[in-house]
Amino acid sequence: AFWPNLRAPLLHDSYGLVYTASTQSFTDVWRLFYAHPTGGDFFFRPVAYLIYWLFYKVAGIEPWRWHALSLAVHVLNSGLVYNLTRRLPLPRWAALCSALLFALHGSRPEVVAWAAARVDLFAACFVLLSLIAVDRLIVTGRSRWYGAIVPCAVAALLSKESSYSLPLVV
């Protein structure tokens, strides 16, 4: 469903993010973890900005590469939805349907199609990883799963504010 987007250009504010990523050093990005931004969009999303910076290292200014990376994260998230729903007491086909619904539903296509909305992809990825790790902790009782829960939850919280609901979801 999102494949045609690979031919699309970046949108207006996406160019600003690409430009910012192109001018930042690792030190500039690292500073975002302990100093609130004084410019740009003023959001405290250091993990998301770190990933933008890393994506720039891979994609440069090529729009199709930015879109391909977004699509790859969306496919990963769809796989994580499948993994999470497989852990529920539901048949395999229900998990497959939920993952396909997540992958293809058009309620939030901008998250995949618009580079500036990519922070939602990152937050969803880290939230889903956290939930899978919480399930593993509950099922196995092994405290080593905290080693996955904590960094994934922190990464989610530092990616987008909507992740603050993660403790309630758990």
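Thr85 has its place in helix 4, which runs over residues 63-86, and the view is taken from a predicted model. With a relative accessibility of 15%, Thr85 counts as buried, because the limit for a buried residue is a relative accessible area under 20%. A polar atom of the Thr85 side chain lies 2.9 Å from the backbone oxygen of Val81. When neighbours within four places in sequence are left aside, Thr85 is in contact with Ala95 and Ser98.

**Helix 3 and what covers it.** Buried in helix 3 are Pro46, Val47, Ala48, Tyr49, Ile51, Tyr52, Trp53, Phe55 and Ala59. The cover over these buried residues includes helix 1, helix 2 (26-31), helix 4, helix 7 and helix 8. After helix 3 comes Gly60, whose phi is positive, near 60°.

**The largest nonpolar core.** In soluble globular proteins, nonpolar side chains tend to be buried together. The largest nonpolar core of this model has 29 residues, and the members that touch the most other members are Ile51, Tyr52, Phe55, Trp66, Phe122 and Phe126. Two or more residues of this core come from each of helix 1 (12-23), helix 3 (46-59), helix 4, helix 6 (110-113), helix 7 (119-140) and helix 8 (146-157). Helix 3 gives the most to this core, with 7 residues. Leaving out residues up to four places away in sequence, Tyr52 touches Leu17, Ala21, Trp66, Ala115, Ala116, Ala117, Arg118 and Val119. Another core, of 6 residues, lies apart from the largest one, and Ala99, Cys125, Leu128 and Ile132 are among its members.

The structure holds 0 disulfides. Cys125 is in no disulfide, and the nearest cysteine sulfur, that of Cys152, is 7.9 Å away. For Cys152, which is likewise in no disulfide, the nearest cysteine sulfur is that of Cys125, at 7.9 Å. Cys125 counts as buried at 9% relative accessibility, and Cys152 is buried with a relative accessible area of 17%.

**A network of salt bridges around Asp120.** The salt bridges in the model come to 7, and a network of them links Arg108, Glu110, Asp120 and Lys160. In one of these pairs, the side chains of Arg108 and Glu110 meet with an N to O distance of 2.6 Å. Arg108 is partly exposed, with a relative accessible area of 42%, and Glu110 also counts as partly exposed, at 28% relative accessibility. Lys160 forms a salt bridge with Asp120, in which the closest N and O atoms are 2.7 Å apart. This pair links distant parts of the chain, 40 residues apart, with Lys160 in the loop between helix 8 and helix 9 (166-169) and Asp120 in helix 7. Both Lys160 and Asp120 are buried, the relative accessibility of Asp120 being 14%. The side chains of Asp120 and Arg108 are joined by a polar contact of 3.3 Å. Apart from neighbours within four places in sequence, Asp120 is in contact with Arg108, Val111 and Lys160.

**A salt bridge between Asp135 and Arg136.** Arg136 forms a salt bridge with Asp135, and the closest N and O atoms of the pair are 3.6 Å apart. Asp135 is buried, with a relative accessible area of 19%.

Terms used. Residues are numbered from 1 along each chain as its sequence is written. This is a predicted model: local features need pLDDT of at least 70, side-chain atom pairs count only at pLDDT 80 or more; totals for chains, interfaces and linings use all residues. Side-chain values use heavy atoms; hydrogens and water are left out. A disulfide is a pair of cysteine sulfur atoms within 2.5 Å. Buried means under 20% relative accessible area, exposed over 50%, partly exposed in between (1.4 Å probe, protein chains only). Helices (H or I, at least four residues) and strands (E, at least two) are DSSP runs, numbered from the N terminus. A polar contact is a pair of N or O atoms within 3.5 Å; within protein, one must be able to donate a hydrogen and the other to accept it, and residues adjacent in sequence count only if both atoms are side-chain atoms. Contact means heavy atoms within 4.5 Å. A nonpolar core is a set of buried Ala, Val, Leu, Ile, Met, Phe, Trp, Tyr and Cys residues joined through side-chain atoms within 4.5 Å. A salt bridge is a side-chain nitrogen of Lys or Arg within 4 Å of a carboxyl oxygen of Asp or Glu.
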